[in-house]
Amino acid sequence: MKKKLLTMLMAGVMAASFVGGATVVSAEEGGDKLTVWTWDPNFNIKAIEMAAEQYAADHEGFEVEVIETSSDDCQTKLTTAANAGDYSTLPDIVLMQDNSYQKYLKSYPDAFTDLSDMEINWDDFGALKQSYSMMDDKHYGVPFDNGAVIACYRTDILDEAGYTIDDLTDITWSQFMEIGKDVHEKTGKYLLTSEANGGDTLMMMIQSCGANFVNEDGEAYIVGNEVAEKCIDLYVDLVKNDVVKLVNNWDEYVSTITSGEAAGVVNGNWITATLMATEDQKGLWEITTMPKVDDVETATNYANNGGSSWYITSNCQNVELAEDFLASTFGSSTEFYDAILPETGAIACYLPAGESEVYNEPSEFFNDQPIFSTIVDYSSNIPEFTKTPYHYEARECVNTAVVNIVNGTAKEDALQEAQDTLAFRMTE
C-alpha cells in the first residue's frame with residue numbers, strides 16, 4: 001500500500017496467541033523452509049512471520065526466511081530474472097502490490113504458480129480483490145492487504161456548518177459539492193484535499209463505476225469515454241468551487257488534513273494511520289462511504305486504492321507446502337487476522353474476519369465506530385473494472401488534464417492530450 005497503517009493500540013483484544021518460534025532447518029529442496037520477499041518490518045514482514053509461527057505450531061520444523069525487499073526491488077528483480085530466462089533467483093513466495101501485479105502477470109506468466117486448485121474458498125474474498133491477481137479465470141495470488149476506500153470527516157467542522165456524518169453517507173458527488181460549498185462558506189475549510197499530480201481521487205471515482213481510463217482491449221480510452229468525462233467534469237467543478245483543495249505533493253496533502261484546513265479525505269483505508277498520528281483530533285473523525293458519480297447506472301459508493309497479495313513463484317521448491325501455508329493462514333484463519341490486526345494494523349480482505357469480536361471493537365479515535373468491520377464490509381461491495389498495467393501512467397495523464405482545464409485549457413484539448421500521451425506511454 002502507498003502508506004502503511006501504523007500499529008493500532010487495541011489493549012486486550014488479542015484473540016489468539018501463537019506457540020513458540022519455528023525450528024530452523026536447512027533450505028533443502030522440498031524441505032520445510034520457504035523463502036519470502038516482502039517489505040516493511042512492522043507490517044508485511046510482521047504479518048508473514050506471525051503466520052509462520054501459527055503454522056509451525058501444527059507443522060514441526062516449518063519456518064520462513066524473510067528477505068526484506070522493497071516493492072520496487074521485487075519488481076526489478078522479477079524483471080531481471082525474466083529477461084535472463086532464469087527464475088532460479090526468485091523466492092518461494094513474493095508480495096506484490098495489486099495495482100502493479102497485472103503488468104508482471106501478463107508479461108511473465110510463467111514466473112508464477114497457478115493457485116486455482118488451492119484449498120481456499122475464493123468467495124470469502126471480494127470479487128474486485130480477487131480480480132487483481134487473476135488472468136483467464138485463473139487465480140495466481142492470495143489476497144492480503146485491504147485497500148477499500150473510505151471517506152473520513154471531521155465531525156466538529158461538519159457540526160459548525162450544520163451537518164452530520166449521516167448527511168455525507170451514500171451521497172452523490174453533486175450532493176457532496178453542495179455540502180462542500182456550504183462548509184467552505186461557513187468555515188473556510190475545504191471538504192476534500194487531493195494531490196494535483198499523484199492524487200488518486202479521479203481513479204477512485206471512475207473505478208467506483210466499474211470503469212477505467214482504458215477499454216477492454218487495454219487501449220487508452222479517455223476521449224469518447226462518457227464515464228471518464230463525467231468524473232473529470234465533476235472533479236474540475238469541485239476544484240473550481242473551493243470544495244477540493246489541490247496540493248502539489250504528499251507532504252502538503254497530509255498537512256491540509258492534520259492542520260484542519262481540510263475537513264475530509266477520501267482514500268484507501270490506510271489513510272487512517274495518517275489521521276491517528278494527530279492525537280489531539282481523537283474522537284473528532286468518523287468514516288463513511290465515498291460519494292458516487294451522478295447519472296452513471298453502474299456507479300457505486302465503493303472503490304479500492306492500494307493493497308497487495310501473496311504469490312508463489314515458479315521457482316518454489318515445495319509448492320504443496322507453500323499453498324497449504326498460505327491457505328491455512330491468510331486464506332482461511334479468522335484467528336490469524338484477529339491476531340495481526342492489533343500487532344500490525346493489517347486489515348483483512350478475508351470477509352469472515354469482519355464478523356469477529358476483534359474487528360467489531362469500537363475505535364476511540366473514530367468516535368467509537370467499529371471501523372475495521374466496516375472496512376471489511378466495504379471491500380465486499382467494490383465493483384470490478386478493467387485492469388491496466390499502466391495504472392499509474394493513466395493516473396498521471398488524467399490528473400494533468402484536470403490541472404490544465406482548471407488553468408484555462410479547453411476541455412476537449414486537455415482530454416485529447418491526455419489520450420495521446422497515455423497511448424504513447426503504453427507503447428514504451
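Predicted model: local features only at pLDDT ≥ 70, side-chain atom pairs only at ≥ 80, totals over all residues.
Cysteine 231 is in no disulfide either, though here the nearest cysteine sulfur, that of cysteine 209, is 4.8 Å away. A disulfide would need the two sulfurs within 2.5 Å. Cysteine 231 is buried too, at 0% relative accessible area. Search the whole structure and you get zero disulfides.

| Cysteine | Closest cysteine sulfur | Sulfur distance | Relative accessible area |
|---|---|---|---|
| Cysteine 231 | Cysteine 209 | 4.8 Å | 0% |

How far can you trust the coordinates? The chain averages a pLDDT of 91, and 93% of the residues score at least 70. Residues 1–29 are another matter: the pLDDT there is below 50, yet the model still gives this stretch 72 contacts beyond near neighbours in sequence.

Now for the helices. Helix H11 covers residues 319–328, and its buried residues are Leu321, Ala322, Glu323, Phe325, Leu326 and Ala327. That list takes in a glutamate, Glu323. What lies over these buried residues? The cover includes helix H1 (44–58) along with strands E1 (33–38), E2 (63–68), E3 (93–97), E6 (141–145) and E12 (308–312).

H1 turns up again in a pairing with helix H12 (residues 334–344): their axes come within 10 Å and cross at roughly 140°. The crossing of H1 past H12 is right-handed. On the H1 side, the contact is made by Lys46, Ala47, Met50, Ala51 and Gln54, while H12 brings Glu335, Phe336, Ala339, Ile340, Glu343 and Thr344. Sorted by class, that contact has six nonpolar, two polar and three charged residues.

Finally, a look at the backbone. Most residues other than glycine have a negative phi. Where do they sit? Aspartate 295 is in the loop between strand E11 (285–288) and E12, whereas aspartate 368 is in the loop between H12 and helix H13 (371–379). Aspartate 295 has a relative accessible area of 71%, so it counts as exposed.

Definitions and conventions. Residues numbered from 1 in each chain as written. Heavy atoms only, no water. Buried < 20%, exposed > 50% of the residue type's maximum accessible area, 1.4 Å probe, protein only. Helix = DSSP H or I, 4+ residues; strand = E, 2+ residues; numbered from the N terminus. Contact = heavy atoms within 4.5 Å. pLDDT = per-residue confidence, 0-100. Axes fitted to C-alpha atoms, helices over the stretch in contact; angles between N-to-C directions. Left-handed = near helix turned anticlockwise from the far one by under 90°. Nonpolar A, V, L, I, M, F, W, Y, C, P; charged D, E, K, R; others polar.
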